[in-house]
Amino acid sequence: MAEQVRTAVWGPAEYVGLPPRWLLVEGVLVGVLAATAIVGVGTAGVWTGHPALAAGEGGLVIAAALTVYLLITGAGRALVGIAAALGVCLALLTPQAATWLVLAERGEVQSVVVTLVEGGPGAGAEDGRYLCSVTDSTGAPLSKRIWRGCEGSTRPGDALSVVYDPEGAVPPRGVAPGTERGPLTEVTAVALALVAGCALAVVRSFRLGPPA
């Protein structure tokens, strides 16, 4: 009974010594294809402004397909769950990194004027951030409030710099000091973890014969 539980949870792994090389190649290939597809679909959605793909829905579908594939191969349920969770995380993180990429590649900087400052510590704002409502050079208000560059010392009438997408695929954001690569780093780390998780799940799914 204990052996059956171990097999169901972690996979049978019915080989002696190191796993077959072809099985390891298959696992890595599955992980690379899944991670590439999730990141590619999410990035394309943000780049083109496609609402569903930009929200990560396409990546979630790919993560679900990956889960089904691993279940069909007989991978352990725990490893399938880990791979599925990493796939979902990657699908949800990709749009944030893709937004940064779009603004870095084709974004343009313009000066805006602060009309209202809200939030801050103790005001119920996310992470205690200050949020600035701004207008562009024509006096038209931006639909999105800016938090990068908006501080406690900022007052209505002050000028801020924002970077915007001329094609309107992503919303504008404030220009932060330095280079913000946080989302890109997170996506890279999760993608690598997904490849490793898929490789382990596929390798441990190996059976010498059909299941009893």
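At what angle do helix α2 (residues 21–48) and helix α4 (residues 57–73) pack, and how far apart are their axes? This is a predicted model, and the tour begins with that pair.

Select residues 21–48 and residues 57–73 together, and you will have α2 and α4, which pack at an angle of about 160° with their axes 8 Å apart. Because angles over 145 degrees count as roughly antiparallel, α2 and α4 are described in that way relative to each other. To see what makes the contact, show the side chains of Glu26, Val30, Ala34, Ala37, Ile38 and Val41 on α2, together with Gly58, Gly59, Ile62, Ala63, Leu66 and Tyr69 on α4. In this arrangement α2 passes α4 in a right-handed crossing.

Next, select residues 77–106, which form helix α5. From its first C-alpha to its last, α5 reaches 43 Å over 30 residues, close to the 44 Å expected at 1.5 Å a residue.

Finally, bring in the whole sheet, which is open and has four antiparallel-paired strands in the order β2-β1-β3-β4. Its edge strands are β2 (130–135) and β4 (173–174), each of which pairs on one side only. Zoom in on β3 (residues 159–164) and β4, which pair in the antiparallel sense over two bridges, and select Val163 to find it standing opposite Arg173 in β4.

Definitions and conventions
Residues numbered from 1 in each chain as written. Predicted model: local features only at pLDDT ≥ 70, side-chain atom pairs only at ≥ 80, totals over all residues. Heavy atoms only, no water. Pairing = 2+ DSSP bridges. Contact = heavy atoms within 4.5 Å. Axes fitted to C-alpha atoms, helices over the stretch in contact; angles between N-to-C directions. Expected span 1.5 Å × (residues − 1). Parallel < 35°, antiparallel > 145°, perpendicular 65-115°, else oblique. Left-handed = near helix turned anticlockwise from the far one by under 90°.
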